[in-house]
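Please load the model in your viewer and keep the sequence panel open beside it. The stops below are meant to be selected in turn.

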Amino acid sequence: MRKIWLIAGLVLTMLALGPPARAAEPDGPAKKAGAKQKAPAKKKKAALKGPVVFTMEEVSAFEFGKDTPGRYPIPRGPYARCSASPSKEVKAYPKLKAQRPLYGAVSFGGDPLDPKSGKTYYFVLDASGEESPPGTTKEPAKEATKDSGEEEAAKAGVKKRTSRAIVSNPAAKFDRLYFDRNGDLDLTNDGVVELAKQSPFKTSREADPFGPGSPILPQVFDALEVPFDFGPPLGEKPFRIVPWLASVTRDQGILMFIPATMRKGKIKLGGEEYVALLTQSRTITGRYDSPLVQLELYPVAPATSALRLLRPGSLGDFRWIDGQLATLSASPTGDKLTLQPYRGDMGILEVGPGGRTITDLGMVGTLVSKQGTVPLGEPTLVPPKTLPRQYKVPVGDYQPVSLTIQYGRLRFACRPSTDYLPAVSSKSPAFSVQVRKDKPCVLEFSGKPEVVFLGPPKNQSFKPGGQVAIRAMLSEPWQKIMITGLWDTTKKTGDLKYRLGGEEVTVPEYARLDPQIVIRNAAGEEVAQGRMPFG
């Protein structure tokens, strides 16, 4: 095996940073832009003077109706990877029949931004039937390639829809689940969870969302009742969770945990009506007053404009309503949803030159905190040519989850560097943007940009003639920002046209400033070259 040393030469137009190819993102703010833009159609003012409370009823999380078009056909939830190795944390497992049971653990009630939070529950999947002896194999379930009906349809020139099945375990059918629901690390005293007699998936859209005869449907188990603390005066209450063995091979599997119920209601504001769903999609906490509970919003009437008053996201997200920052909150059980103006402290976030002689400065995008996201300004149908330099935002600690920055003649897209640094990817991200009431928070990008190669890893060896994937990032180390694109706004290359809210929108497209990469081997010979976008 021969080592090939990679020497990359990067040619950048400027060491200062730069931004995305468009004038701004379609959902960017419409603060004082310094340039005229087409005004959206006038609509009834939605003045929000005080709290507005809406009633939410409990319904099945597998409900899909005409009032929620476009909803994903399978409810989402956390999942656990299963393996053939039992956990050392478990004190006792029940007597199992499967010769190759699958073991795993899942965490509920945690914060996605903090991997150490939440409570861990252990489980094991067992097969009640006799498994084939070691060394013998059974014919695995077919993976839906071609059947006789498909071949006949192909001969007749008719394309037949077939179901893509997930390969079942070749040695066992897992039909029993032992789950440590009381959390005492003893799986012998919690009972056994059997397969559901009727899969809830079959009722989700009046038909099987996986196609007829899919072998994964029988591997949905009866709902678990897991206790969660709802706070005083409610105390501890059970929350129903449906385990679903989504995929399985001989010694591995993925067990999904899907919330069995959700909250549904109607919100009416400023002449607009929505169907609102509160779902515990990403993390199951049992209670609905967590800022990370998912809020899905479906307009009752067809959209006449892209500027909807309310937008989907997390419950804790801030939302702009007719120039007013508003928040949504829910009761612990989710039976009440409250919309009200934000009354908290505000601070200043702005872009600075960082000691450079730059006056054309601005930004647009979204910040994220532990509570939710904050849009920088109100949505606008047509993005401005000039981006606002300064915003008033709620006091707090944020990460720039997605920003477009105007920096002189350059524009660049950026996001936190923690998204790609392996050393910190498994940790809670540091909230580098700290907005305070008494002092402006300035994004200056004053550090010298650095090119970071993420691939290939150092000291990796390659066989002669093999392919090598090169991946580079441009990083601003001082504020831990990753640059995902550079554009020169003085060089227009064309226009981008798309439809937004029933109207055609045109924004300028600028010249990309992608680096030129040259790769040489240990002998100094050039083996490859070309342009490589960041990101």
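Contact, as used on this tour, means heavy atoms within 4.5 Å. This is a predicted model, in which local features need pLDDT of at least 70 and side-chain atom pairs count only at pLDDT 80 or more, while totals for chains, interfaces and linings use all residues. Residues are numbered from 1 along each chain as its sequence is written, and side-chain values use heavy atoms, with hydrogens and water left out.

Begin by selecting Thr-489, which lies in strand β29 (residues 481-500); helices (H or I, at least four residues) and strands (E, at least two) are DSSP runs, numbered from the N terminus. Leaving out residues up to four places away in sequence, Thr-489 touches Gln-406, Gly-408, Arg-409, Leu-410, Arg-411 and Tyr-510. Show the side chain of Thr-489 and follow it to the backbone oxygen of Arg-409, which it reaches at 2.6 Å. Tyr-510 is 21 residues from Thr-489 along the chain, and the C-alpha atoms of the two are separated by 5.5 Å.

Next, select β22, β19 and β26, which in that order form an open sheet of 3 strands with mixed pairing; two strands pair if DSSP finds at least two bridges between them. At the edges are β22 (390-394) and β26 (441-443), each of which pairs on one side only. From one strand to the next the twist averages 25 degrees, where axes are lines fitted to C-alpha atoms, for helices over the stretch in contact, and angles run from 0 to 180 degrees between N-to-C directions. Strand β19 (residues 346-351) pairs with β22 in the antiparallel sense over 5 bridges, and Gly-347 can be picked out opposite Val-393 in β22.

Now move to the open sheet of 5 strands, whose order is β3-β12-β13-β14-β15 and whose pairing is antiparallel. Because β3 (57-60) and β15 (313-314) stand at the edges with a single partner strand each, one side of each is left without a neighbour in the sheet. Within this sheet, strand β12 (residues 261-269) pairs with β13 in the antiparallel sense over 7 bridges, and the bridge partner of Lys-264 in β13 is Leu-277.

Stay on strand β13 (residues 272-279) and select Thr-279, which has its place there. Is Thr-279 buried or exposed? Thr-279 counts as buried because its relative accessibility is 4%, where buried means under 20% relative accessible area, exposed over 50%, and partly exposed in between (1.4 Å probe, protein chains only). Its side chain makes a polar contact with the side chain of Ser-281 at 2.9 Å; a polar contact is a pair of N or O atoms within 3.5 Å, and within protein one must be able to donate a hydrogen and the other to accept it, with residues adjacent in sequence counting only if both atoms are side-chain atoms. Not counting residues up to four places away in sequence, Thr-279 touches Arg-71, Met-262, Val-293, Gln-294 and Glu-296.

Finally, turn to the nonpolar cores, each a set of buried Ala, Val, Leu, Ile, Met, Phe, Trp, Tyr and Cys residues joined through side-chain atoms within 4.5 Å. The largest has 46 residues, of which Phe-108, Phe-179, Phe-257, Leu-278, Leu-337 and Leu-339 touch the most other members. Strand β10 (residues 236-248) gives the most to this core, with 4 residues. Apart from it lies another core, of 33 residues, including Leu-361, Leu-403, Leu-443 and Leu-486.
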